[in-house]
Amino acid sequence: LIARPQSVFFLHLLAADTLGHAFRPHSAQYLAHVRTLDRIVARVTALFERHFPDRRTAYLFTSDHGMSAKGSHGDGDPANTQTPLLVWGAGVGGPTAADAHVDHSELWSSRATLSESEQNLQNRKWGLSHLRRRDVRQVDIAPLMASLIGVAYPMNSLGVLPVEYLDANAPEKVANLHANAREILAQYKRKWASKSSTSLWFKPPQHTLPVEECETLLLQAFQSLRSETTHAQELCFRVIDQSLEGLQYFQTYDAFMLSVIVIVGYAGWIVYVLLLLLNDELQPDSCTASSIDWRPVL
């Protein structure tokens, strides 16, 4: 079973989270465990390289969340939302020097990153000032893993493939990105069809391209995969941007109606309870009888 291609091995190293909560992340106990983790990762990597000598294994090391200095997480503080991401092995491009030329066509402009000053500060702390950072969203890890092992992107994934992580030529990168754009566009198309068929007065998004136009752009990108890779990549990114904005629009499409229903529901219960209380005040005997009747039930 483990020798099958396209297999994924998941190793959950839970102790770091437990020690962070118990002793806080800057404690001696936590820092000692970080060194232990380094040794565990080295041993696991060596074990895989011995068992799979074909050197076709990719490795991805990350965390599901960060942790504050108090040993907690769950809010939107950068200490809790910034996590490490180390990727190496087969199919992964190597590190890039900080002063090397950057192909900006491979970078998704909508991917939120830290400011340059914040990046430089962190890089100096980690001793990585000589390398260029490649920040991604956590949701982008799913399409990256799928691309590395050569399987379809996960259904309903909103991740955008970080093509700059791949060790591949331009046409191969764009082909992977095109598949990613097609998968996200399919979700946008499904949401559009669902809302338009179930809404009495359907209101399409005003600042997002319709599904038909996105499909046209994606077709143009497909036709340019081999001849104009940069243009094809830009078209794929545009389709992804438009599809994600459309999905966000439909995600909150019924927000006003749901808010009205909730408010009316709460208001109705408040009025109902007030009427019961007033009725009890006006009819004390009935109140006593009601209490006696309910006592055996309670």
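Colleague: How many aromatic pairs does the count come to by this rule?
Modeller: The count comes to 15 aromatic pairs. The rule takes rings of Phe, Tyr and Trp (its six-membered ring) and pairs them if their centres lie within 6.5 Å. Planes under 30 degrees apart count as stacked, over 60 as edge-to-face and the rest as tilted. This is a predicted model, where local features need pLDDT of at least 70, side-chain atom pairs count only at pLDDT 80 or more, and totals for chains, interfaces and linings use all residues. Residues are numbered from 1 along each chain as its sequence is written, and side-chain values use heavy atoms, with hydrogens and water left out.

Colleague: Why is the pair of Phe 9 and Phe 48 edge-to-face?
Modeller: Their ring centres are 5.1 Å apart and their planes stand at 80°, so the pair is edge-to-face. Phe 9 lies in the segment before α1 (15-23) and Phe 48 in helix α2 (residues 28-51), so the pair ties together parts 39 residues apart in sequence. Helices here are DSSP runs (H or I, at least four residues), numbered from the N terminus.

Colleague: Is Phe 48 buried or exposed?
Modeller: Buried means under 20% relative accessible area, exposed over 50%, partly exposed in between (1.4 Å probe, protein chains only). Phe 48 has 16% relative accessibility, so it counts as buried. Phe 9, at 43%, counts as partly exposed.

Colleague: Which cluster do ring pairs make?
Modeller: Ring pairs link Tyr 188, Trp 192, Phe 202, Tyr 249, Phe 250 and Tyr 253. Tyr 253 is buried, with a relative accessible area of 18%. Tyr 249 counts as partly exposed at 24% relative accessibility.

Colleague: Which residues of the largest nonpolar core touch the most other members?
Modeller: A nonpolar core is a set of buried Ala, Val, Leu, Ile, Met, Phe, Trp, Tyr and Cys residues joined through side-chain atoms within 4.5 Å. The largest one has 36 residues, and Val 160, Leu 161, Leu 177, Tyr 188, Val 239, Ile 240 and Leu 244 touch the most other members. Two or more residues each come from α5 (141-149), α6 (170-198), α7 (211-223) and α8 (229-251). The largest share, nine residues, comes from α8.

Colleague: What is Leu 161 in contact with, leaving aside its neighbours within four places in sequence?
Modeller: Contact means heavy atoms within 4.5 Å. Beyond those neighbours, Leu 161 is in contact with Arg 111, Pro 143, Leu 144, Ser 147, Tyr 153, Leu 166, Asn 176, Leu 177 and Asn 180.
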